[in-house]
Amino acid sequence: MTMPPRIPVTEAQIDLVVSEFYARVRTHTELGPVFAAHVSDWPAHEKKIASFWRNALLLHRGYDGNPMRVHQGAGNVQQRHFPLWLALFDTVLEQELPQPLARSWSALAHRIGRGLSYGLPAEGRPGGIPNLGEALSEASAIPVRSHE
Ligand code: HEM
């Protein structure tokens with residue numbers, strides 16, 4: 001039995017959005033250099049990302065990567081990149097798709113983005129759970145009541 005799509009885009013629309021999005025990423029002042037440090041084969045990258053979205057939107061099998069681990073391992077992907085990435089993605093969705101599809105895909109991308117950005121370093125902080133160091137040092141500053 002095939003599952004109905006989560007969001008009824010066509011495979012051609014996914015390919016279009018992916019190729020237009022990464023064309024813009026490549027020339028983006030902030031995002032471009034982050035990707036340039038990792039991606040030399042853009043067609044292969046776009047193929048992988050298109051299969052990620054076919055899985056997320058159409059529930060197709062075919063993507064078996066781990067984006068969370070890849071972003072954490074990249075070393076130069078930071079939380080502050082996510083609003084830029086999502087704003088650019090929204091621009092492409094609005095340009096390429098009918099509004100209801102653009103809106104649903106955007107909402108899903110923002111949800112995924114929120115999940116992926118947890119655990120990434122905020123600028124100037126070490127990696128790992130964001131603010132854990134701060135939370136711990138704050139916690140250790142709380143006086144412990146002794147039971148008298
Ligand atoms: C909702 C937001 C995002 C989604 C859905 C997403 C999705 C993905 C996916 C599926 C991969 C491939 C992982 C694999 O190898 O299996 C990937 C790789 C990557 N992403 Fe993202 N990403 C997002 C945001 C970002 C942001 C904000 C950045 C920072 C500029 C970023 C930078 C990268 C880089 C550098 C790679 C590795 C490329 C490579 O080594 O081939 N991504 N992303």
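For the classification of side chains used here, Ala, Val, Leu, Ile, Met, Phe, Trp, Tyr, Cys and Pro count as nonpolar, Asp, Glu, Lys and Arg as charged, and the others, Gly among them, as polar. In the predicted model, the shell around the ligand comprises 15 nonpolar residues, 6 polar residues and 1 charged residue. The ligand is surrounded by 22 residues in total, the closest being His38, Phe52, Gly65, Trp85 and Gly113. Five elements are named as contributing two or more residues each to this shell: helix 2 (31-36), helix 3 (42-58), helix 4 (67-74), helix 5 (81-96) and helix 6 (99-117).

The secondary structure of the protein consists of 7 helices and 0 strands, and its order along the sequence is α-α-α-α-α-α-α. Among the contacts between residues at least 6 apart in sequence, 71% link residues that are at least 24 apart. Of the 148 residues of the protein, 11% are classed as buried.

With regard to confidence, the model has an ipTM of 0.95 and a pTM of 0.85. The mean pLDDT of the protein is 87, with 82% of its residues at 70 or more. Residues 130-148, by contrast, have a pLDDT below 50, and beyond near neighbours in sequence this stretch makes 3 contacts in the model.

Technical notes. Residues numbered from 1 in each chain as written. Predicted model: local features only at pLDDT ≥ 70, side-chain atom pairs only at ≥ 80, totals over all residues. Near = placed C-beta within 6 Å. Helix = DSSP H or I, 4+ residues; strand = E, 2+ residues; numbered from the N terminus. pLDDT = per-residue confidence, 0-100. Contact = placed C-beta atoms within 7 Å. Buried ≥ 20, exposed ≤ 12 C-beta atoms within 10 Å, placed from the backbone.
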